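Have the viewer open and follow along.

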Amino acid sequence: MINTAKNNNLALCPQCHKVNLLGDASSEEKIQCVRCKGMFYQRNSRSLQYTLAWNIAALIAFIPANLYPIMIIYSLGIGEPSTILSGIGQFIDYGLYPIAIIIFTASIIVPLLKIAGLFVLVYRAHTGIRLRPDKHSKFYHMLEFLGPWSMLDVFVVALLVAVVELGFITTIAAGPAINYFTLTVIFTMIAANSFDSRLLWDKQQNSEETC
């Protein structure tokens, strides 16, 4: 049986990381940290619902982010809208391979990996099927680390637009998809922050107790 802080009536403050004694309060009640005086829960009982809701919102925003133009390339005054995928193809045609790789990784691989990964974590934490808390906790922290790097795509488009202003290359303007993509990144970051990875260990412990 896993000996957790919850079993010992302890709770970790998420703000200052002080370990607090829970006392007579239940895990559903808010606790005040003895050091920073911040309020927190020993376990966020609605963590999975929040994570699932924000993750679905991110998936919905990801669809128009790939259907609408993310940038418009003007050549001789004629604008050519480009989605994420067609833009990657254009960068490859222009020989800008590093930018194409950055956009493909930050715009396609990282968001999809994070959305799919969070769905898997919510499913495993809820059902306990094939749950391995140590590996799934590491996987969660990896997803949390990758989140902000999705903004590389937005940064690259903004950088290209700035280059246009300086007149170095063909004119480029940001398209409406950049807004949806930004929402996708923000929603996935909120979803990851809503997930309470300690629920993985609680589920594992509950499964062992019922066996």
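**A loop to start with**

K37 sits in the loop between β3 (30-32) and β4 (39-41); helices (H or I, at least four residues) and strands (E, at least two) are DSSP runs, numbered from the N terminus. This is a predicted model, where local features need pLDDT of at least 70, side-chain atom pairs count only at pLDDT 80 or more, and totals for chains, interfaces and linings use all residues. Residues are numbered from 1 along each chain as its sequence is written, and side-chain values use heavy atoms, with hydrogens and water left out.

**Positive phi in the loops**

- Some background on backbone angles: most residues other than glycine have a negative phi, and most peptide bonds are trans.
- K37 is not a glycine, yet its phi is positive, at about 65°.
- K37 counts as exposed, with 52% relative accessibility; the cut-offs are under 20% relative accessible area for buried, over 50% for exposed, and partly exposed in between (1.4 Å probe, protein chains only).
- H17 also has a positive phi of about 65° without being a glycine.
- You'll find H17 in the loop between β1 (10-12) and β2 (19-21), and its relative accessible area of 55% makes it exposed.

**The chain overall**

- The protein chain has seven helices and seven strands.
- Reading from the N terminus, the elements go β-β-β-β-α-β-β-α-α-α-α-β-α-α.
- Of the 211 residues in the protein chain, 38% are buried.
- Take the contacts (heavy atoms within 4.5 Å) with a separation of 6 or more: 61% of them in the protein chain are between residues 24 or more positions apart.

**The three-stranded sheet**

- Three strands make an open sheet in the order β6-β5-β7, with antiparallel pairing; two strands pair if DSSP finds at least two bridges between them.
- β6 (78-82) and β7 (171-174) are the edge strands with a single partner each, so one side of each has no neighbour in the sheet.
- From one strand to the next, the twist averages 25°.
- Strand β5 (residues 71-75) is joined to β7 by four bridges, the two running antiparallel.
- β5 and β6 also run antiparallel, joined by five bridges.
- I72 is a handy landmark: it stands opposite A173 in β7 and opposite P81 in β6.
- The hairpin of β5 and β6 has two residues between the strands, and L76 there takes a positive phi near 60°.

**Helix α6 against α1**

- Which numbers describe a helix pair? Two packed helices are described by the angle between their axes and the distance between the axes.
- Helix α1 (residues 47-67) packs with α6 at an angle of about 165°, their axes 8 Å apart; axes are lines fitted to C-alpha atoms, for helices over the stretch in contact, and angles run from 0 to 180 degrees between N-to-C directions.
- α1 is therefore roughly antiparallel to α6 (under 35 degrees is roughly parallel, over 145 roughly antiparallel, 65 to 115 roughly perpendicular and the rest oblique).
- The α1 and α6 crossing is left-handed, meaning that the near helix is turned anticlockwise from the far one by less than a right angle, with clockwise giving right-handed.
- Residues in the contact include Y50, W54 and F62 of α1, and Y180, F181 and F187 of α6.
- By class, the contact of α1 with α6 has 15 nonpolar, six polar and no charged residues; Ala, Val, Leu, Ile, Met, Phe, Trp, Tyr, Cys and Pro count as nonpolar, Asp, Glu, Lys and Arg as charged, and the others, Gly among them, as polar.

**Helix α6 against α3**

- Helix α3 (residues 97-127) and helix α6 (residues 177-194) have axes that come within 11 Å and cross at roughly 30°.
- The crossing of α3 and α6 is left-handed.
- Among the residues in the contact are P111, I115 and L118 of α3, with F181, T188 and M189 of α6.
- The contact of α3 with α6 takes in eight nonpolar, three polar and one charged residues.

**N193 on helix α6**

- N193 lies in helix α6 and is exposed at 55% relative accessibility.
- Which residues does N193 contact, leaving aside its neighbours within four places in sequence? They are Y140 and E144.
- N193 and S47 are 146 residues apart in sequence, with 9.2 Å between their C-alpha atoms.
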